[in-house]
Amino acid sequence: MKISIGIPCYNEAANIEKLLDRLLMFDSSCYILEEVIVIASGCTDGTPDIVSKKMKADPRIRLLVQESREGKASAVNLFISSSVSPILVMLSGDILPRPGALEEMLKAFDDPKTGVAAGQIIPLNDPGDFIGYYVGLFWRLHHRLALNGFKAGEAVAFRKVIGGIPVDTATDETWIVMQVLEKGFINSYVPGAVFYNRGPENLADFFKVRRRHLIGYHHMKILRPDWKLPDTMNNLKVLALLKDELSWSPRRLAFLAGAVSLEALARLLAWIDFHVLKRNPFIWPMASSTKQVEERS
């Protein structure tokens, strides 16, 4: 079966070449990588030039340029409409797959009932500092909730059975998942399909990233009040998992208390942003500290 990979990008010069090199190593007896589509939206850091250079070496790479930023959802829709394969893989431009991760994630589609699959995200932040601890905790909880239900992150594959998502959403993966499930398919979380990212490394970038994610859920509830929010938004389920994070270390306990407080503040601010200030940042400012992803052997 043929697959198309889409990478929406805004100023991903620091990572795009490494990501493309890793994707072009794809090797599967069951799936054929037909194209890798990079959607460069308003890039000013040379990302299109890097992709153009890679295109000369491998014709499977395609570059679509949006002269100005229109939001990630717009880039996702351009990928869906431009792709030619029945299985689509959407990856953030600032992640790196572990060797074999893509092949592992695609095995989920050996079951014809599977409509959408997601891999595990592992952050490369230093867990020894507070923000790094928060990022690690966030993705650990994300992983554990996905094992018992489903939650897509920055690496998601889906059958091409949808035409697109609202252009003003900041929760693109959730919209894709929910629309595919409405077609009667099932989802599959594939923990062995590991993708590395780097979360925010300072408070300013943390609030940029977390608030717009949370605002996206408020926006989704307005447009689709019949949909269930992901389990990461279920306070009872999250709190039940937090007991396993308790530690005798005063430093770890302080980090855990701080992380819970930070998350609560982000949720409060996001609620004010959306419901009081009427903000919906579907075109969001870049969090520069998330753009340096180092490979692991």
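Author: A helix here is a DSSP run of H or I with at least four residues, numbered from the N terminus. The model is predicted, so local features need pLDDT of at least 70 and side-chain atom pairs 80 or more, while totals for chains, interfaces and linings use all residues. Residues count from 1 along each chain as its sequence is written, and side-chain values use heavy atoms, without hydrogens and water.

Reader: Which residues lie nearest the centre of the largest pocket?

Author: A pocket is an open set of points on a 1 Å grid over the protein atoms alone, where a 1.4 Å probe fits, with protein on both sides within 12 Å along at least five of seven lines; lining residues have an atom within 4 Å of a point. In this model 16 residues line the largest pocket, with Leu141, Val238, Leu242, Glu263 and Arg267 nearest its centre. Helices H5 (130–148), H8 (235–242) and H9 (250–276) each give two or more residues to that lining.

Reader: Which helix gives the most to the lining of the second largest pocket?

Author: Helix H6 (residues 172–182), with 5 residues. The lining has 13 residues in total, and Phe150, Val177, Met178, Lys228 and Pro230 are the closest to the centre.

Reader: How many residues has the largest nonpolar core?

Author: Such a core joins buried (under 20% relative accessible area, 1.4 Å probe, protein chains only) Ala, Val, Leu, Ile, Met, Phe, Trp, Tyr and Cys through side-chain atoms within 4.5 Å. The largest has 58 residues, and Ile5, Ile7, Leu106 and Phe195 have the most contacts inside it. H5 gives the most to this core, 8 residues. Apart from it lies another core of 27 residues, including Ile39, Met90, Phe150 and Ile176.

Technical notes
Buried means under 20% relative accessible area, exposed over 50%, partly exposed in between (1.4 Å probe, protein chains only).
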